[in-house]
Amino acid sequence: MYQFNREEYERRMAWHTDARFGMFIHWGLYAIPARGEWVRSIEEIPKEEYMRYFEEFDPVDFDPKQWAKAARDAGMKYVVLTAKHHDGFCLFDSKYTDFKSTNTKCGRDLVAEYVEAVRAEGLKVGLYFSLLDWYHEDFPHYGDKQHPMRNNPAYGNEGRDFNRYLEYMHNQVRELCTNYGKLDVLWFDFSYDELRGEAWKGTELIEMVRSLQPEVIIDNRLEVSGEGYGSLAAGNPTPYHGDFVSPEQIIPPNGIQDVNGRDLAWEACVTMNNHWGYCREDRFFKPAPMLIKKLVECVSKGGNLLLNVGPDARGSIPPASMEILAQIGGWMRKNGKSIYGCGKAGIEKPDWGRVTRRGNKLYFHIFENTVGPLPLSGVQKEEIDRVRMLADGAEVPLSDSWVHSDYPNITFVDLGPDPVLPDPVDTVLEISLK
Ligand code: H79
């Protein structure tokens, strides 16, 4: 009988909760058609046709040191790369398939190089692994709602042996857990319909992973699709419940709690534009100022942000993404203290921004200026030791404006005469409590 061990869980999650900000990288053959990572399914492309990208794959600019450096410069503390996405193409040298990077023109184990580069940059290493596999012969084809051949009766499911697929899938997870040193994150994606939990032989899979990588943290998608919180939240944890909830393309309005109201670890995965894999026509990038505020939002609600980039067919992170990463990095270098190791402040969200907290430090993130002095909502004057501008350490005086008599219970600070904030994106005040 599985017994949830909260101490172990909190110990292995500690670095992740501290890190708060990571990079997701979606990269594979689908960078060539450049219409997103679902291209084979959406366009119902037959295998033979998709193989042209396999024949062609030759990422001459692949340099994971550059990726790792871009992540670190943006203030990210970990990276998660698609070792295999739904199309089944492996960026690693699996001995259980020929559909892998070592058999393409590039001839390299891209996961091995990635893992080494990310570690060398001092970042935690994560691998994404798709539970679906549209290449494997034993994965259901016809009628499976995600599969590229779902509508083609010529690809019926007679003779397909799902157990053989499970053996293949487990074997590949074993390879990833054995051949690449210590992994910090395993990111499974995803469960749907009856394909969830024990249908993946989840208990066996997790036991194997934990025996090979005792410290690794795992998302909750052996149970859910990205929608739904899973059995840990429901209060009846299975052996494969995973360590963190993985909301996709949404920041949960109120953070995430279990049935008993206890906060759970979560990580919102968000892509910079509207595709995960490289999509040439998708120019709808979220501006850096918006993403900075979204990161703050995640932290203020007790969660992480895993921000995605999709390198192109040559292996380069698109310039638009690089520019955004650099801008975020500029802000993080000044204000990272209000992100790392921080979480919910226990103060209601103020009109002008958000609040994060670490120990006796409150971080007031001012997104928009106020007219007149700024109210320090939720803090009493007597509790405050000092108020400083985080970016430059400058003292910020409490306000002695005449308005106070109208608001006797509110503490105000005086940000000076300039209506434009020192950092128009997010000016952070560090309030040290006594
Ligand atoms: O790897 C990324 C996505 O490819 C994968 N998870 C993230 C991290 C994923 N995104 N959505 N889903 C899995 C669930 C499936 C959504 C779908 Fe659709 C809606 C499949 C078909 C309709 C999105 C829209 C994908 C194609 C069209």
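## Cysteines and strands, question by question

Tutor: Cys90 counts as buried in this predicted model, at 0% relative accessibility. Let's start there.

Student: How far is the sulfur of Cys90 from the closest cysteine sulfur?

Tutor: The closest cysteine sulfur belongs to Cys106. A disulfide needs the two sulfur atoms within 2.5 Å. The gap at Cys90 is too far for a bond, at 13 Å.

Student: And Cys279, is that residue buried or exposed?

Tutor: Cys279 is in no disulfide, as the nearest cysteine sulfur, that of Cys269, is 18 Å away. For burial, the cut-off is under 20% relative accessible area. Cys279 has a relative accessible area of 11%, so the term for Cys279 is buried.

Student: How many disulfides does a search of the whole structure find?

Tutor: Cys90 lies too far from Cys106 for a bond, and Cys279 is in no disulfide either. A search of the whole structure gives a count of 0.

Student: Good, on to the strands. How many residues of strand S4 are buried?

Tutor: Take S4 one face at a time. On one side Val185, Trp187 and Asp189 are buried, and on the other Leu186 and Phe188 are buried too. Strand S4 (residues 185-189) is therefore largely enclosed by the rest of the structure, the buried residues numbering 5 of the 5.

Student: Through which helix does the chain cross from S3 to S4?

Tutor: Strand S3 (residues 124-130) runs parallel to S4, joined by 5 bridges, and Gly126 has Val185 as its bridge partner in S4. The β-α-β crossover between S3 and S4 is right-handed, and its helix, residues 162-179, is H6.

Student: What is the bridge partner of Leu186 in S5?

Tutor: S4 and strand S5 (residues 217-218) are parallel and share 2 bridges. In S5, Leu186 finds its partner in Ile218. The chain gets from S4 to S5 by a right-handed β-α-β crossover, through helix H7 (residues 202-212). The partner you asked for is Ile218.

Student: Which strands stand at the edges of the open sheet of 5 strands?

Tutor: The order in that sheet is S8-S9-S10-S14-S12, with antiparallel pairing. Two of its strands have a single partner strand each, so one side of each is left without a neighbour in the sheet: S8 (343-344) and S12 (384-389).

How values were computed
Residues are numbered from 1 along each chain as its sequence is written. This is a predicted model: local features need pLDDT of at least 70, side-chain atom pairs count only at pLDDT 80 or more; totals for chains, interfaces and linings use all residues. Side-chain values use heavy atoms; hydrogens and water are left out. Two strands pair if DSSP finds at least two bridges between them. Helices (H or I, at least four residues) and strands (E, at least two) are DSSP runs, numbered from the N terminus. Buried means under 20% relative accessible area, exposed over 50%, partly exposed in between (1.4 Å probe, protein chains only). A crossover is right-handed if, with the strands pointing away from the viewer, the path from the first strand over the helix to the second runs clockwise.
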